[in-house]
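Thanks for coming. I have one structure to go through this morning, so please look at the screen.

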Amino acid sequence: AKPAWMAEMEALDDEKGVTCAVCQEGRTFQPSELLGLYAYMKKVTIAAGQGGATGDIDGTVMLLSLPMSLPRSSVEAWFRKARVAANALEGSAHAITAMSAANSTSSGSSGRSNHFITTVSAGNAIHCSCHSKAKAADRNHPKAPKSEWEGASLRNSRVTCNVILPLVSTKTSSVPLMSVENALADVNNVMANTLGVRPKSTLWGCLHDIRFLLLRMAYGEALNADCGGGSSSSNFLLALYQLYTADMFAANAEHDESPEVSKHARNLSYGFLLGEDIVDLPTFDRNLNSRSKRLERGVAESAPMAALCSILFYNVEDETGSGTKKGKCLSPTGKAPSPTRQWEVNKDKFLAGLIRCAGHRHSLGLTDSGCATSKGLSAGRKNVEKTRSFADWRKDDIRSQHKTAMIDDYGQALRPMITLYAVFDQLSREFVVNDDDESTEATSERLAARLESCYKAGDIEELLQVAEIAMSRDLICKYFEKGCTS
């Protein structure tokens, strides 16, 4: 017969999902303890005329440049929801600043620089309480006292870190509210100290952070250049948990922040779809007036954020409006994206917008995400450009294999946004808000595998096949060229 202690041990549940780097326990054994991810946060400064105009990135300029009445052939539901966002933004301080910056940029000025946060992670978790105890022990060590983050980097697989991002979702319902509030306050303090100013909106701060992380991966940049560690899968894990947090911030914004914050984020994708529909009309004339020019540029620059918000807010909703009520998931288990979700039904429009974005960034001479670090250079590491994950595309080889000379000419400029489209498409297939830890980790691995397959593509044609893009090559070139002139 088995000893009683062995029977007790065998009866215990296995710990599932992320576990603490100190006590090795997670949500199963310590449901009332808040977990967080060790991460490294840094400030990024980008000029408005170099892809850093906040009002263009978050779609404010695009929403405020939409027509006041429903254009012919456009979808009424898109127009109605886009007007909700535009009306909420009208007259706000952010809208006034955004439109002023848009006008100065269109007149040839590079505009003032804007400051953002970008965060990376090696995927190591820790209980906030365990971190506090370890911090005190490090500080009071009799022989080798350490600072808070010097000790934390040792627990973080010797990867530099300066913040703990709390894993906040419905799974933290057993965690005391005070613990969650204190952890979020600590993050806001680190963000404020890094930026030099307290962010105006926690929701938009989080969304900009996720967008930059995905953009950095789409450009094939070495994420470990900032802190010395972190893989694609660990950073996709970070992005997924940040999306869960953004969903919570969106809910809070409806009550705690100005009402335009939540309406803006939730209706951005509808405004983008309407804007893309308008600028794609044969009768559209960008030279008609300044509003038309702002709209076309706004559609291009807001495409990545609109795609992100579409997946965050509408991945389990029926976009066709038949068979289900708003917000009801079509999956029998409620644990899978809807087959008629907004992204799936309109992915060609999101793709067109991302291709326009590629053209616009190419016209500005942008060849990276804007987050490239100089830290690695001083430490003797290779130049960031040389640490790109992309396979080398040699133009001579491409020309000999394919006759589509024009798309080959645009291949390098299209590459990041086609990669980003493939990532969004995979994310849309997987993403459900507040999924369990095991599913979230599995999703991050599949996202990393999809990204890696994009990196390995030997030329633009192979990349388009990997991304499962059926759009005609002539149409891709047309959208790219329109983006170049926007």
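This is a predicted model: local features need pLDDT of at least 70, side-chain atom pairs count only at pLDDT 80 or more; totals for chains, interfaces and linings use all residues.

Residues are numbered from 1 along each chain as its sequence is written, and side-chain values use heavy atoms, with hydrogens and water left out.

The largest nonpolar core has 136 residues. By nonpolar core I mean buried Ala, Val, Leu, Ile, Met, Phe, Trp, Tyr and Cys residues joined through side-chain atoms within 4.5 Å. Buried is under 20% relative accessible area, with a 1.4 Å probe and protein chains only. Among the members touching the most others are L207, F424 and I469.

Next, salt bridges: a side-chain nitrogen of Lys or Arg within 4 Å of a carboxyl oxygen of Asp or Glu. The count is 18. In one of them, D437 pairs with R27, with the closest N and O atoms 2.7 Å apart. D437 is in helix α18 and R27 in the loop between α1 and β1, so this pair ties together parts 410 residues apart in sequence. Both residues, D437 and R27, are buried.

K42 and D226 form another, at 3.0 Å between the closest N and O atoms. Because K42 sits in strand β1 and D226 in helix α10, parts 184 residues apart in sequence are tied together. Helices (H or I, at least four residues) and strands (E, at least two) are DSSP runs, numbered from the N terminus. K42 and D226 are both buried.

Technical notes: Buried means under 20% relative accessible area, exposed over 50%, partly exposed in between (1.4 Å probe, protein chains only).
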